[in-house]
Amino acid sequence: MRVAVAQYAIGEPADFAAFATRVATRVAVAAHAGAHCIVLPEYLALEAAAGQSHDVRADFVRSLAALQSMRGDYEALASELARRHAIHLVAGTFLVEHADGRYRNRAWLATPAGTLLSQDKLCLTGFERASGVIDAGDAIKVFETEFGRIGIDVCYDIEFPLYARAQAEAGANLLLVPSCTDTAAGANRVRIGCQARALENQAFVACAVTSGAADWSPALDRNTGAAAVYTPVDRGFPEDGIAAIAAATDDWAFADVDLDALARVRREGQVANAADWSAQQRPAVARARVERA
């Protein structure tokens with residue numbers, strides 16, 4: 001199965017139609033390159049806010065409120081692209097209003113049949129908490145697909161081992177990570193989280209990123225990181241655990257992932273990280289013992 005993860009350069013589309021054209025054009029490139037599963041980045045929908053008046057788009061909270069009128073069109077775009085190209089599409093994230101003036105950072109998964117499924121972000125960053133209007137999600141999911149079970153971990157969520165572990169224990173062999181970071185440190189935290197989750201669960205982790213600069217946006221002003229697909233670090237996989245990583249000028253990173261290879265490495269690998277997870281939960285080592293040096 002071929003996975004494509006976007007390194008999406010943020011632009012300034014004049015309206016939703018222009019935004020939809022940008023997204024559709026990029027998805028078509030990945031689909032025509034043979035991708036079965038395509039991942040777009042966190043906060044993708046905020047690019048559609050570029051067409052708002054300057055005073056609204058410069059105010060994050062007002063911009064989110066104004067963006068809600070585009071939600072139906074955004075969902076329809078995701079469904080149509082997935083149907084058109086017969087792909088599974090993580091259509092980035094959209095900050096959806098779930099209560100009066102309160103939002104959740106929601107990743108949409110569109111199936112080849114056009115069905116929409118979702119995973120809300122579970123842990124908020126400092127920026128999201130400071131906005132005062134974003135709430136954390138309250139459910140973690142895995143999705144049954146024709147190529148097996150997959151999970152979505154939105155950006156910061158991949159830095160926490162128990163979310164991915166819950167998904168892996170529910171059968172997910174592929175974790176999809178739409179992300180958006182504005183510093184090299186942030187990008188490295190997500191990268192390290194992705195590689196750690198791939199290592200400890202002996203799974204594939206595919207991370208999409210935003211790139212470039214968008215001075216018009218308080219959320220997308222600076223964008224860092226590299227789109228990549230990560231693997232276990234063991235027999236039959238790359239020695240550095242990186243199946244593919246985008247160069248600075250690339251729009252996509254592609255990797256052909258062999259889900260059967262995961263079963264083999266779990267049986268025959270040099271180590272058994274996934275199976276040995278429970279060893280760290282033994283009662284004798286559940287708490288550190290303090291000894292005087």
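User: Which residues have the most contacts inside the largest nonpolar core, and how many residues does that core have?

Analyst: The largest nonpolar core has 92 residues, and those with the most contacts inside it are Val5, Phe19, Val23, Ile38, Leu46, Leu89 and Leu176. A nonpolar core here is a set of buried Ala, Val, Leu, Ile, Met, Phe, Trp, Tyr and Cys residues joined through side-chain atoms within 4.5 Å, where buried means under 20% relative accessible area, exposed over 50% and partly exposed in between, with a 1.4 Å probe and protein chains only. Please keep in mind that this is a predicted model, in which local features need pLDDT of at least 70 and side-chain atom pairs count only at pLDDT 80 or more, while totals for chains, interfaces and linings use all residues. Residues are numbered from 1 along each chain as its sequence is written, and side-chain values use heavy atoms, with hydrogens and water left out.

User: Which helix gives the most to this core?

Analyst: Helix H1, residues 16–32, gives the most, with eight residues; helices (H or I, at least four residues) and strands (E, at least two) are DSSP runs numbered from the N terminus.

User: And how do H1 and H4 cross?

Analyst: The axes of H1 and helix H4 (residues 71–85) come within 11 Å and cross at roughly 25°, which makes H1 roughly parallel to H4. Angles under 35 degrees count as roughly parallel, over 145 as roughly antiparallel, 65 to 115 as roughly perpendicular and the rest as oblique; the axes are lines fitted to C-alpha atoms, for helices over the stretch in contact, and angles run from 0 to 180 degrees between N-to-C directions.

User: What about H6 and H7, at what angle do they cross?

Analyst: The axes of H6 (residues 161–169) and H7 (residues 184–201) come within 10 Å and cross at roughly 40°, so these two helices are oblique to each other. In the contact (heavy atoms within 4.5 Å), Pro161, Ala164, Arg165 and Ala168 of H6 meet Arg197, Glu200 and Asn201 of H7.

User: Switching topic, where is tyrosine 43 found, and is it buried or exposed?

Analyst: Tyrosine 43 is found in the loop between strand E2 (37–39) and helix H2 (54–57), and it counts as buried because its relative accessibility is 5%. Its phi is near 65°, a positive value in a residue other than glycine.

User: And alanine 86, buried or exposed?

Analyst: Alanine 86 counts as exposed, at 53% relative accessibility, and it is found in the loop between H4 and strand E3 (88–99). The phi of alanine 86 is near 55°, a positive value in a residue other than glycine.
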